[in-house]
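Me: I'd like to learn how to read packed helices and paired strands. Could you walk me through them?

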Amino acid sequence: MRALRHWREVLTAGMRGEGADLTVRQMAILLTIYMDNPPATVRGLASHLGLAKPAVTRALDRLERLGFARRGPDPSDGRNVLIHRTVAGAMHLYQFAETIGGLERPATASGERAAASADG
């Protein structure tokens with residue numbers, strides 16, 4: 001339950017923040033673009049995340065509107081679309097990581113017991 005409490009705090013803080021409110025799918029794609037080795041492709045993201053290509057495309061539409069990612073043709077294979085990182089996307093993830101870090105605090109045994117009893 002502790003992990004779920006922490007995740008709820010992260011999600012709640014994210015909703016209250018000034019940043020974009022991304023769906024889980026959009027955030028998973030954004031994190032994959034920034035944490036895996038480039039270049040990312042629609043086909044590769046779909047395969048890696050177990051999603052249909054249209055679902056990845058819709059999520060990328062939103063990420064692109066927010067300026068968090070940019071699509072462009074693959075110069076070596078015109079059939080592929082490469083997804084490029086942007087400064088705005090990197091900043092969004094940095095701020096999200098800072099939010100998570102700010103929520104992390106050492107839990108004391110008595111604090112965990114109190115939270116556990118409040119959870120029922």
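Me: At what angle do the axes of H2 and H4 cross, and within what distance do they come?

Reply: Keep in mind that this is a predicted model. In general, two packed helices are described by the angle between their axes and the distance between the axes. Here, the axes of H2 (residues 24-35) and H4 cross at roughly 80° and come within 9 Å. Angles of 65 to 115 degrees count as roughly perpendicular, so H2 and H4 are roughly perpendicular to each other.

Me: Which residues of H2 and H4 meet?

Reply: From H2, look for Arg25, Gln26, Ile29, Leu30 and Ile33; they meet Ala55, Val56, Arg58, Ala59, Leu60, Arg62 and Leu63 in H4. Sorted by kind, the residues of this contact are 8 nonpolar, 1 polar and 3 charged.

Me: How do H3 and H4 cross?

Reply: The axes of H3 (residues 42-49) and H4 (residues 53-65) come within 9 Å, crossing at roughly 115°. H3 and H4 are therefore roughly perpendicular to each other, and the crossing is right-handed. On the H3 side the contact is made by Val42, Arg43, Leu45 and Ala46, and on the H4 side by Lys53, Val56, Thr57 and Leu60. That contact has 5 nonpolar, 1 polar and 2 charged residues.

Me: Now the strands: in which sense do S2 and S3 pair, and over how many bridges?

Reply: S2 (residues 69-74) and S3 (residues 77-85) pair in the antiparallel sense, over 6 bridges.

How values were computed
Residues are numbered from 1 along each chain as its sequence is written. This is a predicted model: local features need pLDDT of at least 70, side-chain atom pairs count only at pLDDT 80 or more; totals for chains, interfaces and linings use all residues. Side-chain values use heavy atoms; hydrogens and water are left out. Axes are lines fitted to C-alpha atoms, for helices over the stretch in contact, and angles run from 0 to 180 degrees between N-to-C directions. Helices (H or I, at least four residues) and strands (E, at least two) are DSSP runs, numbered from the N terminus. Angles under 35 degrees count as roughly parallel, over 145 as roughly antiparallel, 65 to 115 as roughly perpendicular and the rest as oblique. A crossing is left-handed if the near helix is turned anticlockwise from the far one by less than a right angle, and right-handed if clockwise. Contact means heavy atoms within 4.5 Å. Ala, Val, Leu, Ile, Met, Phe, Trp, Tyr, Cys and Pro count as nonpolar, Asp, Glu, Lys and Arg as charged, and the others, Gly among them, as polar. Two strands pair if DSSP finds at least two bridges between them.
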